[in-house]
Amino acid sequence: MAVYIAREATKLWRKVCAEIAVELQLLFEKWRLLLAGLVFQYIHGLAARGVHYLHRPGPLLQDLGFMALPELGQDKGYVSESVFTFIFISFLLWSFHPFIYHSKRFYTVLLWRRVLAFLVASQFLRIITFYSTQLPGPNYHCREGSKMATLPPPHNVLEVLLINFPRGVLFGCGDLIFSSHMIFTLVFVRTYHKYGSKRLIKILAWLMAIIQSLLIIASRKHYSVDVVVAWYTVNLVVFFIDNKLPEMPDRTNGSSLLPVTAKDKDGRTKEELHKLEKDCKMKEEFHKLLNGNTVDSTDRRQRVQMNGKHGEDINHTLSDATSNGT
């Protein structure tokens with residue numbers, strides 16, 4: 001038993017190391033786009049912090065969702081945050097499963113490059129929307145009489161740039177249309193719907209997105225319009241960008257190598273092409289190792305057939321020689 005565990009642990013470690021090497025190679029090529037997506041997350045937080053200075057509390061607007069759903073109360077506001085945290089962590093762990101599991105369909109770096117593109121486009125539209133019109137916040141800390149409903153003018157630029165993280169993010173006001181929680185939720189659910197493999201989990205993911213929408217309204221963190229606009233805006237953004245971006249290579253059959261751009265194919269010297277061929281061979285060996293493959297069965301059969309044919313030719317040659325000698 002101990003020998004089996006040690007052997008499997010060694011195989012797992014080799015898979016993880018090989019996957020890290022492949023993903024790092026992709027990261028070195030795509031790091032600019034990934035970094036831009038991460039920087040925009042800060043810009044989005046900075047914009048949300050800035051609109052809080054413009055927020056003015058007022059009476060709650062008439063809302064159909066508020067009429068239909070009972071109010072959870074201030075002491076149960078954690079419920080919607082708990083559901084969102086579960087969705088976020090679940091997607092994060094799933095996106096890194098190629099490092100461990102034998103079956104895999106995508107490269108983690110390429111997946112997050114795509115996800116960040118969806119998030120940035122949706123958040124850019126969100127910033128334009130909530131700066132266009134500031135609505136009185138329905139959340140408890142944004143209502144009239146709350147000290148956190150309005151922010152005093154900042155004393156310096158640093159106070160704005162630091163955005164009072166994480167308190168400034170959790171207790172913001174004014175960044176309503178449309179819901180940032182729903183942006184992340186819908187992007188994650190749509191991504192898993194396309195690249196995930198479990199049908200039951202896909203159904204549960206969409207169900208979680210619906211539950212998250214209802215909990216946000218019941219917690220009075222957003223108006224119903226914030227959630228409704230998020231549903232059709234994010235889905236349209238993801239649909240449009242997904243069709244514009246090049247499709248990720250499918251790793252299901254275990255035969256696809258790392259993607260090579262048109263510039264790599266056309267604008268290389270002979271030395272560079274030779275180096276590229278060597279790199280491709282190394283990538284193929286990595287890929288075979290990652291997917292648990294050694295030598296292809298078709299190649300093995302061909303070699304057996306060729307060796308058999310070669311042996312027959314030798315036998316025929318020897319028999320002819322002996323007959324001529326006699």
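# Notes on salt bridges, a disulfide and helix packing

1. Let's start with Lys194: at 31% relative accessibility this residue counts as partly exposed, a class between buried, under 20% relative accessible area, and exposed, over 50% (1.4 Å probe, protein chains only). Before going on, keep in mind that this is a predicted model, where local features need pLDDT of at least 70 and side-chain atom pairs count only at pLDDT 80 or more, while totals for chains, interfaces and linings use all residues. Residues are numbered from 1 along each chain as its sequence is written, and side-chain values use heavy atoms, with hydrogens and water left out.

2. Lys194 has a salt-bridge partner in Glu247, with the closest N and O atoms 2.8 Å apart; a salt bridge here is a side-chain nitrogen of Lys or Arg within 4 Å of a carboxyl oxygen of Asp or Glu. The two sit in distant parts of the chain, 53 residues apart: Lys194 is in helix α7, Glu247 in the loop between α9 and α10 (262–266). Helices (H or I, at least four residues) and strands (E, at least two) are DSSP runs, numbered from the N terminus. Glu247 is partly exposed too, at 46% relative accessible area. Through shared partners, salt bridges join Lys194 and Glu247 with Arg114 and Asp242 into one network.

3. Arg114 is buried at 5%, and Asp242 counts as buried at 17%.

4. The whole structure holds six salt bridges, and one more of them deserves a look: Arg126 with Asp175, at 3.3 Å, N to O. Arg126 lies in helix α4 and Asp175 in the loop between α6 and α7, so this pair ties together parts that are 49 residues apart in sequence. Arg126 is buried, with a relative accessible area of 1%, and Asp175 is buried as well, at 17%.

5. How many disulfides does a search of the whole structure find? One, between Cys142 and Cys173, with sulfur atoms 2.0 Å apart (the cut-off for a pair of cysteine sulfur atoms is within 2.5 Å). The torsion about the S-S bond is about -90 degrees, so the disulfide is left-handed. Cys142 is in the loop between α4 (108–132) and α5 (157–161), and Cys173, 31 residues away, is in the loop between α6 (167–170) and α7 (180–195). Cys142 is buried at 4% and Cys173 at 1%, whereas Cys17 counts as partly exposed at 32%.

6. Next, helix packing. Helix α3 (residues 78–95) and α4 pack at about 140 degrees, with their axes 10 Å apart. The axes are lines fitted to C-alpha atoms, for helices over the stretch in contact, and angles run from 0 to 180 degrees between N-to-C directions. α3 and α4 are therefore oblique to each other: angles under 35 degrees count as roughly parallel, over 145 as roughly antiparallel, 65 to 115 as roughly perpendicular and the rest as oblique. Phe91, Leu92, Trp94 and Ser95 of α3 meet Thr108, Leu111, Trp112 and Val115 of α4, contact meaning heavy atoms within 4.5 Å.

7. Finally, Phe184 in helix α7 is buried at 15%. Leaving aside residues up to four places away in sequence, Phe184 touches Gln41, Phe84, Phe88, Leu119 and Gln123. Gln123 is 61 residues from Phe184 in sequence, and 9.7 Å from Phe184 in space, C-alpha to C-alpha.
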